[in-house]
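Colleague: I would like to learn how to read features from a model. Please give the general idea, then the case.

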Amino acid sequence: MSGLQCLGEDNIWFEKPRYDEAERRFYEGANGPSTHSHHQVKSALQGRGRSRPQKRQHRNSSSASGDQELVSRMKSLELENQGLHKVVEDLRAALFKLENRVRVLERSPAVPCAKAVTVQSVKVEEEDDDEMDLFGSDEEDEEAERLKEERIAAYAAKKSKKPALIAKSSILLDVKPWDDETDMSKLEECVRSVVADGLLWGQSKLVPVGYGIKKLQIGCVVEDDKVGTDLLEEEITKFEDYVQSVDVAAFNKI
């Protein structure tokens, strides 16, 4: 290979600017920053130096405002303290007056004695009046007794005129037939044919039981002293051709 060919294949001379830039950066890193960077650092330090007095001034102003607020609060607390002192002095004066009044009352027990004498004299006068009016009290007792008897008689007469309350009950009966071939209209007619003093029949309806069989559900109102459930069951079950059984479905006092 000839020297011209070697130079043609070697590219170091074509990239020389890159190598120079790398060498310059290396020496800058070894010897310290360049002049331009030194100026930047210096300007930054100068800016910090200028900003420090401003910060100090701001801090001084904020501390001054805080001191003013503290002074105002101390003044308000002093005013409140003065007001509390005045209230305490007033309370002490009132307490002193009360103590003096209690002492005066303790040293003067003459008033209760006078009241006791007055009460005793009044009691003696009342006893004297009672002793003098012996016969008059008997007449008053007789008059009061007579008035009492008249009032009792009038109350009894007034109470006898009021109608007595009659206790009644509402009963719901379930009347079951023998089978589905039973004539339910005839069964209801037989049930309503039961008549008694204090018995009043009400509404009725047919309720399905099962397998085509229906039961008669009928209501009535009875007077408790005259008609009972046992009497109704006994009278209705007499219709053996139509009625299998009678049950009480509901019983309510009116």
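Modeller: Start with secondary structure: helices (H or I, at least four residues) and strands (E, at least two) are DSSP runs, numbered from the N terminus. Gln-217, for instance, is found in strand S3. This is a predicted model: local features need pLDDT of at least 70, side-chain atom pairs count only at pLDDT 80 or more, and totals for chains, interfaces and linings use all residues. Residues are numbered from 1 along each chain as its sequence is written, and side-chain values use heavy atoms, with hydrogens and water left out.

Colleague: How many helices and strands are there in the protein chain?

Modeller: Seven helices and four strands. Along the sequence, the pattern is α-α-α-α-α-β-α-β-β-α-β.

Colleague: Is Gln-217 buried or exposed?

Modeller: Buried means under 20% relative accessible area, exposed over 50%, partly exposed in between (1.4 Å probe, protein chains only). Gln-217 counts as buried because its relative accessibility is 15%. Of the 254 residues in the protein chain, buried residues make up 11%.

Colleague: Which side chain does Gln-217 join in a polar contact?

Modeller: A polar contact is a pair of N or O atoms within 3.5 Å; within protein, one must be able to donate a hydrogen and the other to accept it, and residues adjacent in sequence count only if both atoms are side-chain atoms. The side chain of Gln-217 joins that of Asp-174 at 3.0 Å. Ser-169, in strand S1 (residues 168-176), makes a side-chain polar contact of 2.6 Å with Asp-224. Ser-169 is buried, at 0% relative accessible area.

Colleague: How many salt bridges does a search of the whole structure find?

Modeller: A salt bridge is a side-chain nitrogen of Lys or Arg within 4 Å of a carboxyl oxygen of Asp or Glu. The search finds 12. One of them pairs Glu-188 with Arg-192, closest N and O atoms 3.2 Å apart. These two are four residues apart in helix H6 (residues 184-192), so about one helical turn separates them. Glu-188 is partly exposed at 22%, and Arg-192 is partly exposed at 32%. Glu-223 and Lys-226 also meet in a salt bridge, 3.3 Å from N to O. Here Glu-223 is buried at 16%, whereas Lys-226 is partly exposed at 45%. Glu-21, Arg-24 and Arg-25 are linked in a network of salt bridges.

Colleague: What about phi at Tyr-211?

Modeller: Most residues other than glycine have a negative phi. Tyr-211 has a positive phi of about 60°. Tyr-211 sits in the loop between strand S2 (199-210) and strand S3 (213-223), and is exposed at 82% relative accessible area.
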